[in-house]
Amino acid sequence: MNASVIILAIRLATVALATFLAIIVWSKTRDSAWMLVVVGIVAGYADILYSLLAEFGLAPDKGGVVAGVPILAALFPNLPWIFFSIAFFVMIRKRR
């Protein structure tokens, strides 16, 4: 195993714990902002899982390519931050 696989495995374990706890929060809240934060954490878990599968060659590196950029490789790392941004926007709008 090389260092990048070990780092991805450690990230996978820590984000798996965060995802487990986020799912528990999801079952206890009906607040839309918190639910978007939870979805962002789950999307982060999907990103790390996809990266680990791509590292082992089990996931397609170039499933779909637009302008020379693989769609999944560009979407997964940014998806959690999109959900977090929407959640913060919802929290700001709710406070007014």
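The following legends describe an overview and several close-up views of one predicted protein model.

Residues are numbered from 1 along each chain as its sequence is written, and side-chain values use heavy atoms, with hydrogens and water left out. Because the model is predicted, local features need pLDDT of at least 70 and side-chain atom pairs count only at pLDDT 80 or more, whereas totals for chains, interfaces and linings use all residues.

**Figure 1. Overview of the elements of the protein.** The protein contains 3 helices and 2 strands. Helices (H or I, at least four residues) and strands (E, at least two) are DSSP runs, numbered from the N terminus. Read from the N terminus, the order of the elements is α-α-β-β-α. The C-alpha trace spans about 50 × 35 × 20 Å along its principal axes. Of the 96 residues, 26% count as buried. Here, buried means under 20% relative accessible area, exposed means over 50%, and partly exposed lies in between (1.4 Å probe, protein chains only).

**Figure 2. The packing of helix 1 and helix 2.** Helix 1 and helix 2 (residues 32-56) pack at an angle of about 155°, and their axes are 9 Å apart. Helix 1 is therefore roughly antiparallel to helix 2. Axes are lines fitted to C-alpha atoms, for helices over the stretch in contact, and angles run from 0 to 180 degrees between N-to-C directions. Angles under 35 degrees count as roughly parallel, over 145 as roughly antiparallel, 65 to 115 as roughly perpendicular, and the rest as oblique. Ile23 belongs to helix 1 and is partly exposed, with 48% relative accessibility. The C-alpha atoms of Ile23 and Val38 are separated by 6.9 Å, although the two residues are 15 residues apart along the chain.

**Figure 3. The packing of helix 2 and helix 3.** An angle of about 165° is found between helix 2 and helix 3, whose axes are 8 Å apart. These two helices are therefore roughly antiparallel to each other, and their crossing is left-handed. Trp81 lies in helix 3 (residues 71-95) and counts as exposed at 57% relative accessibility. Between the C-alpha atoms of Trp81 and Val37 there are 9.3 Å, while the two residues stand 44 residues apart along the chain.

**Figure 4. A nonpolar patch on the surface.** Leu17, Phe20, Leu21 and Ile24 form this patch, with about 380 Å² of accessible area together. Patches are made of residues with over 30% relative accessible area and no salt bridge; like charges are joined within 9 Å, and nonpolar side chains (Val, Leu, Ile, Met, Phe, Trp, Tyr) within 5 Å. Accessible areas come from the Shrake-Rupley method with a 1.4 Å probe, and for residues only the protein chains shown count as cover. Leu17 is placed in helix 1 (residues 3-28). With a relative accessibility of 54%, Leu17 counts as exposed.

Figure 5. Side chains of opposite charge can pair when their charged atoms come close. A salt bridge is a side-chain nitrogen of Lys or Arg within 4 Å of a carboxyl oxygen of Asp or Glu, and by this rule the count comes to 1 salt bridge. Lys94 pairs with Asp31, their closest N and O atoms being 2.0 Å apart. The pair links distant parts of the chain, 63 residues apart: Lys94 is in helix 3, and Asp31 is in the loop between helix 1 and helix 2. Lys94 is partly exposed, with a relative accessible area of 42%; Asp31 is partly exposed at 23% relative accessibility.

**Figure 6. The backbone at Ala67.** Most residues other than glycine have a negative phi. Ala67 has a positive phi, near 55°. The residue lies in the loop between strand 1 (65-66) and strand 2 (69-70). Ala67 is exposed, with a relative accessible area of 79%.

Definitions and conventions. Left-handed = near helix turned anticlockwise from the far one by under 90°.
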